[in-house]
Amino acid sequence: MLTDTEIYTAELRMWRERYEQMLDQVPQLLETLRDGVNPLKAAGLSERVSGGGGEAPLPFRADPMDDCDDVWAALVEYIGEVAERLQEPAPGATGASWGVQGNVRGIGAGVSGDKAYKAGFALIAWLIDRAEKVRDLRLVDSEQHLFGLIRKLVKRYVDAPPIERPAHRRFCSVCGERAVLTDWVLGDAGEASCRVCGATYENEGVVE
């Protein structure tokens with residue numbers, strides 16, 4: 001028969017796995033959405049707007065831009081709530097936001113897809129590092145709103161991507177982020193690289 005402690009530990013592990021799996025999708029989603037705004041990467045400028053001079057091609061794809069703003073704002077607001085409840089400073093990457101009258105409305109217009117990935121990674125890593133504390137806060141409404149948005153946009157924009165788990169990444173001795181992933185392994189030899197700064201390591205050089 002399982003003890004109460006064993007039951008609690010199992011429930012915590014399952015909750016954490018679901019929590020991490022949902023957040024792990026954010027960096028790639030942000031990158032995909034930001035890249036989708038760029039007309040050079042879009043399939044074509046089929047969207048048009050009308051104005052005083054007649055119809056003209058839209059200079060960007062509005063849907064990915066708006067959706068990126070929505071998921072970014074939901075994530076930053078959620079982090080702000082967590083930080084306030086834990087009485088900790090929010091991660092610096094939240095500064096990539098734009099807002100109106102103190103309310104976050106989205107990610108900065110000048111943020112590229114690659115920078116959006118890195119900023120998103122920093123935010124979810126901050127949350128995952130505090131996962132057990134976050135669970136105890138019981139921020140059900142905020143989590144349901146954020147996770148529902150992530151599910152909807154991943155289904156719409158991302159074609160079954162491989163999920164990179166921050167919990168399985170290692171610290172980079174160059175930039176200090178937990179972002180080192182193994183690129184390849186052959187026998188006892190291998191190579192890893194940092195997804196944030198690009199530093200590469202041989203197998204024995206990866207910092208735990």
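The lining of the largest pocket divides into 5 nonpolar, 1 polar and 3 charged residues. Here Ala, Val, Leu, Ile, Met, Phe, Trp, Tyr, Cys and Pro count as nonpolar, Asp, Glu, Lys and Arg as charged, and the others, Gly among them, as polar. The model is predicted, so local features need pLDDT of at least 70 and side-chain atom pairs pLDDT 80 or more, while totals for chains, interfaces and linings use all residues. Residues are numbered from 1 along each chain as its sequence is written, and side-chain values use heavy atoms, without hydrogens or water.

**Overall build**

- The protein has 6 helices and 8 strands. These are DSSP runs numbered from the N terminus: helices are H or I with at least four residues, strands are E with at least two.
- Along the sequence the pattern reads α-α-β-β-α-β-β-α-α-α-β-β-β-β.
- The protein has 208 residues, and 39% of them count as buried. Buried means under 20% relative accessible area, exposed means over 50%, and partly exposed lies in between (1.4 Å probe, protein chains only).
- Take the contacts between residues at least 6 apart in sequence: 66% of them join residues at least 24 apart. A contact means heavy atoms within 4.5 Å.

**Largest pocket**

- The largest pocket holds about 190 Å³ of space. A pocket is an open set of points on a 1 Å grid over the protein atoms alone, where a 1.4 Å probe fits, with protein on both sides within 12 Å along at least five of seven lines; lining residues have an atom within 4 Å of a point. Its volume is the space filled by probe spheres set on the points, which are joined across faces, edges and corners.
- The lining consists of Trp15, Arg18, Tyr19, Met22, Val140, Glu143, Gln144, Phe147 and Arg151.
- Helix H1 (4-23) and helix H6 (140-157) are the elements that give two or more residues to this lining.
- H6 provides the largest share, 5 residues.

**Helix H2**

- H2 covers residues 26-37, 12 residues in total. At 1.5 Å a residue, H2 should span 16 Å, and its end C-alpha atoms lie 17 Å apart, which agrees. The expected span is 1.5 Å times one less than the number of residues.
- H2 is mostly covered, with 9 of its 12 residues buried.
- The buried residues of H2 are Val26, Pro27, Leu29, Leu30, Glu31, Leu33, Arg34, Gly36 and Val37.
- They pack against H1, helix H3 (62-86), strand S4 (103-107), helix H4 (113-129) and H6.
- Lys115 sits in helix H4. Lys115 is exposed, with a relative accessible area of 53%.

**Exposed loop residues**

- Gln87 lies in the loop between H3 and strand S3 (97-100). Its phi is near 60°, a positive value in a residue other than glycine. Gln87 is exposed at 74% relative accessible area.
- Arg138 belongs to the loop between helix H5 (131-137) and H6. Its phi is near 55°, again a positive value in a residue other than glycine. Arg138 is exposed, with a relative accessible area of 55%.
- Gly110 is placed in the loop between S4 and H4. Its relative accessible area is 74%, so Gly110 is exposed.
- Gly110 and Ala96 are 14 residues apart in sequence, and their C-alpha atoms are 9.2 Å apart in space.
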